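Subject: Structure handover and findings

Hello,

Here is the structure I promised to pass on. Please open it before you read the notes below.

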Amino acid sequence: MSDYLQSILGGLADGCVYALIALGMSVIYSISRIISLAQGGFVVLAALCAVSLQSGLGISPLATLPIMVVIFSVGMIGVAQIVIQPAAKRATPERLLLVTVGMLQAVGGLLLIGWGNLPYTMPAFTGDAPVKVAGLSLPTQYFWLAGALAVSVLGLWLLLTKTDIGLAMRATASNPGAAALQGIRVDRMRLIAFGLAGAMAALAGTTIVPITFLQFTTVTPYAVAGFIAAVVGGLGSNMGAVTGGLLLGLLQGVFGRYWNADLAQLTAIALLVAVLVIRPQGIFGTPERVRR
Amino acid sequence: MTVAQIAPVRVSAATGRTWLGLAVGALAALALPYLIPTQMSLLVTVGIFYLACIGLTPLIGQAGQVSLGQTLFMAIGAYGAGLLTLKWQWPTALAAVVLALFCGGLALIFGAAFLRLRGYYFALATLGLAVATAALSTAWISVTGGPSGMVDIPSLSLFGYEVFSDQANFYLLVVLGGIAAWITTNLRTSQTGRALAAVGHDSVAAGMLGINASRYKAVAFAISAMTASLAGSLYAFYLRFFSPEIITVTVAFSIVIMVAIGGSRSAFGPLIGALVIQGVPQMGQTFATWVPLFAGLVLIVVMTYFPGGLWGAIGDAVGALRRPAPSHAKEQR
Amino acid sequence: MSAMTATRPRARLFGPLGVAAALALSGCSAVAAAEGEAIRIGLIASQTGPGSQLGIGEVRGAELAVEQINADGGVNGQRLELITADDQSNPSQAVLQARKMLGRVDAFVGPSTSGPCKAIGPLAESAQVVNYCLSPGLKPEPGGWQWSASVATHDLTSRLVDYWKSQGITRIGLLTQTDSSGAEGAESTKAAIDAVDGMELAGEATFSPDAVSVTAQLQQIARHEPQALVVWATGAGAGVAFKGMGQVGLDVPVATTDGNLTYAFVDRVQNFLPDPLLIPATRDFWDPAEYPNDEVREIEANYHDAYVAAHGEQPDFGPGVAYDGVHLVAEALERAEGDAAQARAELEKITDFDGVVGTYNFSREDHRGLAEKDVAIVQATKDGFEFIGGVE
């Protein structure tokens, strides 16, 4: 029984990262209708930057977290300004998708040049000794991962429902044209969405890297996992992104333990295709014009 | 209607030049193995990826649908060729043709399901196919050989002649690539092509004109699947080996990158794309390290500013130099 | 649209010419140098990609061997030349590089890992060129054209289990990666445990090479209370497992595959090295006191000293297998008087050949030539590999 629970918890830990990637994609999508496949790449970039920061400056792993969050939210606003804004003005949705594929590829390339093809890790935030709860042995980093996800979800909810910016963002999400007529600067909302996604990438990357090894090749698996989670959950639905991510992690944890991790991937794809064909708006997505 | 009026006037001059261009191209292809004998394996790889790319051009360039699933059909073409020839002793050429037809049919079925979806949902669904391909080729060990791959696949045999050497493979690919280029170019300029372009431009309006959008797109998707399957079979016959590393999700991305960088509205675009993406890493370790970053940045720039790809951009630049007619440049979009 | 129809003919005309010119440019630099009277060995190694922790050292080891052979008068008086190529740790690249070398080389050494080795097998076979593969993971066919370097997995695990038995350890846990080398490690370890009285398997689990964490698998093994753990995985996978052991509080001796006998690997995992981390290793990692005779002592000293002088560090796994591979292939080519097609028969006749990895005894059936006698146990520490015993 505890064995079973352990697999579930391990899966959920990975699921937290997928959920954060999917949440970032979802925020970007709801504001700008752009599916950013690069989100998974930024998670690995943030992780390796944190590792270098930690070993280079000799600061504690936990201290890298706020630094990376600030750098990545500002950095992503810059990326959006330089790359996304010009593309969004000119390109069709399909070409925009390829622009984000280009970003993913470029991030992977940057990692290869900057960090080589070696895997990296760093010490846990609060020591390596696990916490024993009811026969389960839990790495303390699991709590940080769950915390990162909880803070992101809560923070996003507060921002969207309790602030003026949030109101403007929701208006933009539901109808960009009408929002622009109301005097909302849609371009600026888009930058804010990318900034939020950058912060989430930094949270995910910095918190996961202490319990694993990441390298430039990890970029594609993360991008793919985040994309599956976001689409299955329903693009643009934050609730759906979190559920999709946790579900995918759970699936991989349980399948990886009892059968084969590749089967988990296949099941997830089958689910993805089924969702796309039967319910293209995703499990939690609101129906919109997705069919011709 | 101006198009119809202008076109016939230019056609006679154009066909003359076309034939000259083709003749020069054929001569260059014949001479290449003697000019650069040490780069033949690169040219064969470029040829194989060209085949995988060229079939995508009607779908991407005309119908405006991005398929990220070419590796699925390459995998079926490759593993299928291995299985049919090794287990059931099928003739190699027959296996390649049957698999290409099978992939075309499979694409029609997938297309019927996916192409009803709006915009990039199709791209996402095909990305799903690419991920499934990578997982399945690793996990389905009894069929694919799993991570260690499928070994001892025979070379292609055509009319009793074994296509083994780089040179033989290259000439075969020049012929097949030429045929595929001819078919896709005709498709673009034919009624189907114009229907596709209309669908790509505005499918609702095209629907009102009586064009069945999904059907045209499904045909374009089937064509892409058939060339990909053929490319996969030829790759397997050439390498005499196949493994999951050859058809990862990254490869699925890079095929689309080749088409997008080169340009999806001409038969030469994908050739440029395949040459750049396959050729540059061969120039040395430093180049190999920089290629992913370089390819990513080029893709961003091309997708943002040059919808016609590098080939389209060159064409525009040459056109602008020859004939300063700014109004045409806008129409090109 | 009118602009498009107007520009296309020109495009067609210039297209092929431009492409041909671009190809000619890219090809010029690589045109082969004039082929003189030299014996050529083609070395395919993973200089980039995940296999590079082996491949870079292999190039160094092979270069050292070629240097020494030429200093001693070459092969029958002919110069030995090494042509190197990078397979980027990718089987299809390995085939392309091997094809490029066909007709130009008298034998292949490499590639570095088992996938690429299997991939170039059919080529070596049809071209009738000897291929000394540097991965121990390949199982060469009797009488075929491929050889495999170092010791077979079952000899490694068998020596390991014997060693643990001598230390009073009887309950062994097994954690393996789901790739070809992991699957073979699992099979061999179980066979070795079955073969020794009183040893038992205490918990078994597998994980996928791109797994982010394996704590669930480790937890499951821990419940069987093993006294030692075998982790058969290379690179990042092994690192994730070692890291996970700390997280679930599993603190037992660990053994891993000889694919991890690299400084790059130890450097990556130095902060959570299990205590101890044991690796079954060949002679090039032993304490000089354990060498069987003075002849071997001289060969080893010659290799280690020259390598340290050239690169400022002790050689790890890669250089040794490539160094021996080049020496063996050169010996076979010398006996065959430069006839590449004869080299297979001559290589099969080589026996009692002292290399740095071990003493080789080839035959038609045995294209590996090494056995359990060539294995001992070393411990990976932050400063490198330390011999701890297990020699017969």
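The notes below go through what was found, topic by topic.

First, the ground rules. This is a predicted model: local features need pLDDT of at least 70, side-chain atom pairs count only at pLDDT 80 or more, and totals for chains, interfaces and linings use all residues. Residues are numbered from 1 along each chain as its sequence is written, while chains are lettered from A and ligands numbered from 1 in the order in which they are written.

**Chains A and B**

Start with the contact between these two chains. In it, 42 residues of chain A meet 41 residues of chain B. Two residues are in contact if their C-beta atoms, placed from the backbone, lie within 7 Å. Four helices of chain A each supply at least two residues to this side: α3 (61-90), α4 (93-115), α9 (219-233) and α11 (261-278). Helices (H or I, at least four residues) and strands (E, at least two) are DSSP runs, numbered from the N terminus. The largest share, 16 residues, comes from α4(A). By class, the side of chain A that touches chain B has 27 nonpolar, eight polar and seven charged residues. Here Ala, Val, Leu, Ile, Met, Phe, Trp, Tyr, Cys and Pro count as nonpolar, Asp, Glu, Lys and Arg as charged, and the others, Gly among them, as polar.

**The largest nonpolar core**

This core has 335 residues. A nonpolar core is a set of buried Ala, Val, Leu, Ile, Met, Phe, Trp, Tyr and Cys residues joined through C-beta atoms within 7 Å. A residue is buried if 20 or more other C-beta atoms lie within 10 Å of its own, exposed if 12 or fewer, and partly exposed in between; these C-beta atoms are placed from the backbone. The members that touch the most other members are Ala19(A), Leu20(A), Ala46(A), Leu299(B), Val109(C) and Val329(C). Helix α11 (residues 213-239) of chain B gives the most to the core, with 19 residues. Domain 1 and domain 2 of chain C both give residues to the core, so it lies between them.

Take Ala19(A) as a closer look. Leaving out residues up to four places away in sequence, Ala19(A) touches Leu149(A), Ala229(A), Ala241(A), Val242(A), Gly245(A) and Leu246(A).

**Chain B**

Chain B has 16 helices and four strands. Of its 333 residues, 58% count as buried. Tyr79(B) sits in helix α4 (residues 70-87) of chain B. Tyr79(B) counts as buried, with 26 C-beta neighbours inside 10 Å. Beyond its neighbours within four places in sequence, Tyr79(B) is in contact with Val143(B), Thr144(B), Met150(B) and Phe242(B).

**The domains of chain C**

The assignment gives domain 1 (38-151 + 295-370) and domain 2 (153-281). Such bounds come from an automatic or database domain assignment. Taken over C-alpha atoms, the centres of the two domains are separated by 29 Å. In this pair, 12 residues of domain 1 are in contact with 13 residues of domain 2. On the domain 1 side, α2 (52-71) and α11 (317-335) of chain C are the elements that give two or more residues.

**Strands of chain C**

Look next at strand β8 (residues 228-232) of chain C. Five of its five residues are buried, so β8(C) is largely enclosed by the rest of the structure. Ala228(C), Val230(C) and Trp232(C) lie on one side, with Leu229(C) and Val231(C) on the other. Strand β6 (residues 171-177) of chain C runs parallel to β8(C), joined by five bridges. Two strands pair if DSSP finds at least two bridges between them. Thr176(C) stands opposite Trp232(C). β8(C) also pairs in the parallel sense with strand β9 (residues 254-256) of chain C, over three bridges.

Elsewhere, strands β13 (residues 376-381) and β14 (residues 384-389) of chain C run antiparallel, joined by five bridges. They form a hairpin with two residues between them.

**One residue where chains meet**

Val95(C) lies in helix α3 (residues 91-101) of chain C. Val95(C) is buried, with 27 other C-beta atoms within 10 Å. Apart from neighbours within four places in sequence, its contacts are Leu239(B), Phe241(B), Ala119(C), Ile120(C) and Leu123(C).

Best wishes
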